[in-house]
Amino acid sequence: MKLRWALATVAFAVGGVIPLTAVSCGTVASPLSAAGQPLPPLTAAPARAGSTAPSSNCGDATLSSRPPVTMPIPGKMPAGSYLAAIAKRGYLRVAVNVDVPPFGSVDPDSGQFAGFDVRIAEAVGRAIFGASGHVKYRAVTNAERIPAIRDGDVDIVVATMTVNCERRTQVDFSAVYYEAGQRVLVLNSSPAKSLGDLGGQKVCAPAGTTSIQRIAQAPSRPVPYPVTNDSDCLVAMQNGQVAAISTDDEVLAGMQQQDPQTRVLPQSLAPEPLAVAISLQHPDLTRFVNGVLARIKADGEWTAIYQQTVGNALGPTPAPPPNRYRN
Amino acid sequence: MIFSVASVGVGFDAPAGTVEHTRRWRRLRATTTPGLLRKCSVGLAVAVAMLWGVSLATITARHDAIQGMRHDSGPSFVAAQRIHDALSEADATVAGAFLVGGVEPATLRAAYDRSIATATQQLVDLDRTGVPARLRGPLTILSGQIPVYTGLVERARANNRSGFVIGAAYLRKASGLMQNTILPAADQLAAFDADRIHAGYMSATRWYHPALVIVFGGLALAGLVAVQVLLSRRTHRILNVPLVAATVLVTVSSLLILTAFAAERATLRDGRDHGFVPMTVVAQARVLALRAWADQSLSLIARGDGAVFDTDADATAARLNQVLAAGSALGGPDASTRAGLTASWRDYESTSGRVRRSASDVGGFQDAVALALGDGTPRFHRFDQQADTAVTASQRRFSARLSSADSVLGSLAVGTAVALALAALLVLAGLQLRINEYR
């Protein structure tokens with residue numbers, strides 16, 4: 001009798017409990033669903049294209065091709081030339097920097113491109129079309145300048161670009177349009193008088209430029225601190241991450257204008273001849289740009305552009321750089 | 001009748017004084033009716049007490065788990081999500097305001113200020129509730145880095161007003177800090193609370209809680225029935241009213257507990273499926289959308305250097321599409337609040353695609369900015385408001401479900417304690433009546 005009851009109880013427990021728990025008493029989990037999980041930040045920034053071509057000795061890199069004896073009349077480009085293709089398209093494509101005042105910047109209010117480089121590009125555009133307003137800009141970082149030409153995205157690059165033999169193997173250059181020099185920007189409070197006083201300290205320059213290479217090779221052994229854009233250097237210096245910035249003096253002058261607590265050291269580390277970069281496939285465009293440069297240097301337009309953009313920030317207006325041709 | 005023989009089959013054929021005789025005699029004494037009844041009364045009282053103990057333990061465990069979710073992990077998960085949301089919104093808003101030009105529009109500045117205020121307020125509330133040591137790290141990052149972020153934004157604004165390009169560089173730095181450091185810390189907070197909610201759900205719905213109630217309730221009931229059968233055979237009285245009442249009480253309280261557990265479980269499931277899950281999914285969608293929007297603004301502000309942001313925007317949009325698909329597959333009573341989300345996002349996406357194309361065109365930059373501000377921003381806000389409504393609806397449902405699950409268990413512990421104590425007393429009283437008859 002007792003055994004029967006015990007058996008009945010067990011049967012009730014097993015037969016009743018298990019199906020009941022399985023159907024309506026199962027433990028309810030509430031994990032965060034896959035769609036509710038956050039997306040972590042992307043850690044790997046895309047690799048930047050630097051100048052990786054082997055260095056080569058090309059003699060004087062600043063020598064360019066001689067302009068045509070008679071420049072084509074604006075609006076009437078010689079048939080079959082690349083210039084005619086540009087004219088047919090209706091606009092000149094130009095790559096510029098936008099964070100290098102007074103050379104290249106975008107006005108925050110109007111959104112218009114402005115600066116010394118932009119004015120040079122405008123002069124080339126006017127010479128092709130006979131009127132202004134036929135230049136379209138694409139903003140590039142320093143490391144993107146050579147790829148922009150090589151990939152045919154733009155016709156010319158006017159972006160504080162230094163001529164050297166290494167780059168000459170990848171793109172063609174016009175005659176020098178501005179004779180800059182690599183100098184050093186420090187805080188007013190810094191005792192440094194030259195790069196030689198900055199051994200072991202961090203010195204900032206944009207990645208993929210001659211400036212960062214020169215910092216790395218300096219005998220005083222400063223620590224190179226590469227960033228994406230020029231202005232990231234000023235941010236780094238204002239936040240105490242670097243002791244100095246070393247790049248073209250015109251760039252440094254723009255930074256000095258943005259932060260009066262800084263000064264540009266007088267020592268010039270190396271001349272930085274700036275030129276317009278053009279594809280090696282369009283020698284007629286290079287000769288044409290050289291013709292435009294020769295004209296504006298001669299007729300005073302170059303001086304007017306300098307005074308309207310750079311002004312007196314670096315002392316008296318210098319003479320335009322000479323035109324030097326290899327043929 | 002005083003020493004009535006328990007079982008007819010037991011005889012005295014063993015000689016007196018032997019060990020065997022003594023053993024049998026003891027067994028007989030123990031099986032005399034009052035002795036047996038006393039044993040039954042104690043046994044039944046213990047069985048009822050055990051049922052009471054089990055039900056108290058299981059009800060309390062569930063109740064505590066729900067209380068923890070209602071007042072601790074639930075609100076702090078929502079707070080962590082709000083912090084994440086508000087900070088993403090601040091970052092996207094400030095980038096959008098930058099696109100406009102030198103002086104940001106007053107509405108955008110006010111929206112940014114509001115977002116930062118919301119985030120810091122939630123952070124203070126979280127801090128006040130006392131946080132476990134594991135969360136010290138992320139909370140320190142949040143409270144330490146938000147002021148750094150706002151400082152960078154102010155420097156960006158001041159420089160932008162002066163027309164200095166370094167303003168854009170400061171903005172990029174601020175956004176990098178937000179996306180790479182501050183928001184992951186907020187994610188850690190939310191993940192911690194999500195784990196706690198998961199654990200709370202498990203503790204509030206253990207399968208063995210009802211199983212234990214069934215086993216112990218069944219044992220108590222079986223005992224009660226067995227004793228009543230025994231009594232009716234031994235004493236020839238059909239009904240023992242107190243025992244019948246105790247049986248009814250035990251049955252009713254066991255069934256009541258099981259029903260309450262099932263109802264609580266169903267309510268919690270509803271809260272999960274129609275509250276918690278849609279809330280987390282749509283909140284994630286909103287955060288992803290804000291990130292993609294900020295990326296677009298930053299890409300335009302960076303002018304030439306937009307590739308990093310475009311890559312991030314692509315990854316974010318791909319993820320967002322998965323999340324939106326998951327969100328629209330959810331269904332439930334608030335499904336209507338989520339119905340338009342995918343279409344609104346597609347609408348914005350088509351504009352942002354056009355913005356991207358014209359920005360990379362030579363000379364198309366100004367058009368891209370005009371398109372992003374004129375067409376993209378209102379479309380984005382339409383999506384954002386829909387997402388906000390959907391998140392709020394799901395949030396409300398989640399907390400309403402938690403509180404109704406709580407109220408199901410609310411008076412159960414007291415009710416069953418009273419009923420089972422009464423049942424135990426009735427058992428003792430009912431058997432004592434019979435035992436007394438033997439004196």
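1. In chain A, A:Arg221 lies in the loop between helix 6 (210–217) and strand 9 (223–227), where helices (H or I, at least four residues) and strands (E, at least two) are DSSP runs, numbered from the N terminus. The phi angle of A:Arg221 is near 55 degrees, which is a positive value in a residue other than glycine. A:Arg221 is exposed, with a relative accessible area of 65%; here buried means under 20% relative accessible area, exposed over 50%, and partly exposed in between, with a 1.4 Å probe and protein chains only.

2. A word on the basis of these remarks. This is a predicted model, in which local features need pLDDT of at least 70 and side-chain atom pairs count only at pLDDT 80 or more, while totals for chains, interfaces and linings use all residues. Residues are numbered from 1 along each chain as its sequence is written, chains are lettered from A and ligands numbered from 1 in the order in which they are written, and side-chain values use heavy atoms, with hydrogens and water left out.

3. Chain A as a whole has ten helices and twelve strands, and buried residues make up 52% of its 327 residues. Its accessible surface comes to about 14,100 Å², with 56% of this belonging to carbon and sulfur atoms; such areas come from the Shrake-Rupley method with a 1.4 Å probe, and for residues only the protein chains shown count as cover. Among the contacts in chain A with a separation of 6 or more, 74% are between residues 24 or more positions apart, a contact meaning heavy atoms within 4.5 Å.

4. How many disulfides does a search of the whole structure find? Over all chains there are two, a disulfide being a pair of cysteine sulfur atoms within 2.5 Å. In general terms, a disulfide is a covalent bond between the sulfur atoms of two cysteines. When the bonded cysteines of chain A are numbered in sequence order, the pairing reads 1-2, 3-4.

5. One disulfide joins A:Cys58 to A:Cys165, with an S to S distance of 2.0 Å. A:Cys58 lies in the loop between helix 1 (2–24) and helix 2 (82–89) of chain A and A:Cys165 in helix 5 (residues 165–168) of chain A, so the pair ties together parts that are 107 residues apart in sequence. The torsion about the S-S bond of A:Cys58 and A:Cys165 is about -85 degrees, and the disulfide is therefore left-handed. A:Cys58 is partly exposed at a relative accessible area of 34%, whereas A:Cys165 is buried at 13%.

6. Another disulfide joins A:Cys204 to A:Cys233, with an S to S distance of 2.1 Å. This pair links distant parts of the chain, with A:Cys204 in strand 8 (residues 202–206) of chain A and A:Cys233 in helix 7 (residues 230–238) of chain A, 29 residues apart. The S-S torsion of A:Cys204 and A:Cys233 is about -90 degrees, so this disulfide is left-handed. A:Cys204 is buried, with a relative accessible area of 0%, and A:Cys233 counts as buried at 0% relative accessibility.

7. Some backbone details in chain A deserve a look. A cis peptide bond, with omega about 5 degrees, joins A:Pro101 and A:Pro102, and A:Pro102 lies in the loop between strand 2 (99–100) and strand 3 (104–106) of chain A. A:Thr160 has a positive phi of about 40 degrees although it is not a glycine; the residue sits in the loop between strand 6 (156–157) and helix 5 of chain A. Is A:Thr160 buried or exposed? A:Thr160 is buried, with a relative accessible area of 7%.

8. A:Val171 has its place in the loop between helix 5 and strand 7 (172–187) of chain A, and counts as buried at 0% relative accessibility. Leaving aside residues up to four places away in sequence, A:Val171 touches A:Ile146, A:Ile149, A:Ala277, A:Ile278 and A:Leu280. The C-alpha atoms of A:Val171 and A:Asn290 are separated by 15 Å, the two residues being 119 residues apart along the chain.

9. In chain B, the axes of helix 5 (residues 166–204) and helix 7 (residues 241–301) come within 13 Å and cross at roughly 170 degrees. Axes are lines fitted to C-alpha atoms, for helices over the stretch in contact, and angles run from 0 to 180 degrees between N-to-C directions. Helix 5 of chain B and helix 7 of chain B are therefore roughly antiparallel to each other, a term for angles over 145 degrees. Among the residues that meet are B:Leu171, B:Ile197 and B:Tyr201 in helix 5 of chain B and B:Leu268, B:Phe276 and B:Leu298 in helix 7 of chain B. By class, this contact has nine nonpolar, three polar and four charged residues; Ala, Val, Leu, Ile, Met, Phe, Trp, Tyr, Cys and Pro count as nonpolar, Asp, Glu, Lys and Arg as charged, and the others, Gly among them, as polar.

Notes
Parallel < 35°, antiparallel > 145°, perpendicular 65-115°, else oblique.
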